[in-house]
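Please examine the chain shown below alongside the account that accompanies it.

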Amino acid sequence: MEKRNADIKAVILDLDGVIYRGQTAIPGARETAAWLTQNSYQVYYFTNNSTKTRESYVELLAGYGIAADVEHIVTSASLTAHHFSENGLLPATALVVGEGGLAEELRGIGVRVVRQRGKRPIDFVVVGMDRKFTYRKLHEAQQAIRSGAKFIATNLDATYPVEDNVIPGGGSIVVAVATAAQQEPLLIGKPSARAGELITHHAGVAPNQALMVGDRLETDIEMGRRAGLWTCLVLSGISRAEEVPALPEEHRPHWIVEGIGQLPELLASLPSGEAGKDGGGL
Ligand SMILES: [Mg+2]
């Protein structure tokens, strides 16, 4: 393993392909989460999935034996809600093409959520994964954007991993809306750097004190690199090690491990700072 001088205090873990795949836990996930907490790392769980609320991820992770509070869970839906409150965009009416989690997160910070155009103007069209996407919804979103609503995408993931396959992801729907409305969206989730900035700000650490761990080069690793974080690719999900050498250096992960089970060993091997001072645990 390559030695680098990294003083890591916060670890951001992607979920799908890192903690679990479909409904199957990835070996070592529970033990690594416990090890990180025991060794005083701040641990965040960050998914580009916009369909569920953060509360439902608390329960989901608990089912894998991982204790996490809602403050340490970040979804592209919660980031989108944060975008509204952070940037003074309230009050606002948003036409939402997405599932319950996205609508709930937006309502939670005071956005008026609608599913079709009505008498009041639409300020924003917010698009995420929607397994009940229809031509009608596409038409509503298109018309609202053409009438001046700002277009926001929770994520651009083309596919969404399920047990032994992939299904169309949020990005597939975003592209349909962008094509119909002839406008590009503002991206909120990974690989947008704002996600990493928000988390390091919440954690009170510098970007170079945080490590992003993910299974996708074009979202997890790219977000980490753009935000100035350390990055580690796990090979238990989408991206393969063979893809890395073809990438320009600034898009490559700093480390590659087989799976999350190897993370304690990696962190304990880092030469400086808090990391690894108590290298035992697993
Ligand atoms: Mg993933």
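Predicted model: local features only at pLDDT ≥ 70, side-chain atom pairs only at ≥ 80, totals over all residues.

Residues are numbered from 1 along each chain as its sequence is written. Two residues are in contact if their C-beta atoms, placed from the backbone, lie within 7 Å.

The domain assignment, which is automatic or taken from a database, gives domain 1 (10-48 + 190-269) and domain 2 (77-187). Taken over C-alpha atoms, the centres of domain 1 and domain 2 are separated by 26 Å. Domain 1 contributes 13 residues to the contact and domain 2 contributes eight residues. On the side of domain 1 that touches domain 2, three residues are nonpolar, seven polar and three charged. Here Ala, Val, Leu, Ile, Met, Phe, Trp, Tyr, Cys and Pro count as nonpolar, Asp, Glu, Lys and Arg as charged, and the others, Gly among them, as polar.

Helices (H or I, at least four residues) and strands (E, at least two) are DSSP runs, numbered from the N terminus. Two strands pair if DSSP finds at least two bridges between them. An open sheet of six strands, paired in parallel, has the order S5-S4-S1-S13-S14-S15. S5 and strand S15 (255-257) stand at the edges with a single partner strand each, so one side of each is left without a neighbour in the sheet. From one strand to the next, the twist averages 20 degrees. Within this sheet, S13 and S14 pair in the parallel sense over four bridges, and the bridge partner of Val213 in S14 is Cys232. H2 lies across strand S4 (42-47) and S5, running at about 125 degrees to S5; axes are lines fitted to C-alpha atoms, for helices over the stretch in contact, and angles run from 0 to 180 degrees between N-to-C directions.

A residue is buried if 20 or more other C-beta atoms lie within 10 Å of its own, exposed if 12 or fewer, and partly exposed in between, with C-beta atoms placed from the backbone. Helix H8 (residues 217-227) is mostly covered, with nine of its eleven residues buried. These buried residues pack against strand S1 (10-14), helix H7 (193-203), strand S13 (210-214) and strand S14 (230-234). Gly228, which follows H8, has a positive phi near 80 degrees.

Helix H3 (residues 76-86) is also mostly covered, eight of its eleven residues being buried. Among the elements against which the buried residues of H3 pack are helix H2 (54-63), helix H4 (100-108) and H7. H3 is followed by Gly88, with a positive phi near 60 degrees.

Elsewhere, strand S10 (residues 159-162) and strand S11 (residues 165-168) run antiparallel and are joined by four bridges. A hairpin of two residues connects S10 to S11, and Thr159 has Pro168 as its bridge partner in S11.

Finally, Leu102 is found in helix H4. Leu102 counts as buried because it has 31 C-beta neighbours inside 10 Å. Apart from neighbours within four places in sequence, the contacts of Leu102 include Ser50, Ala77, Val126 and Thr154.
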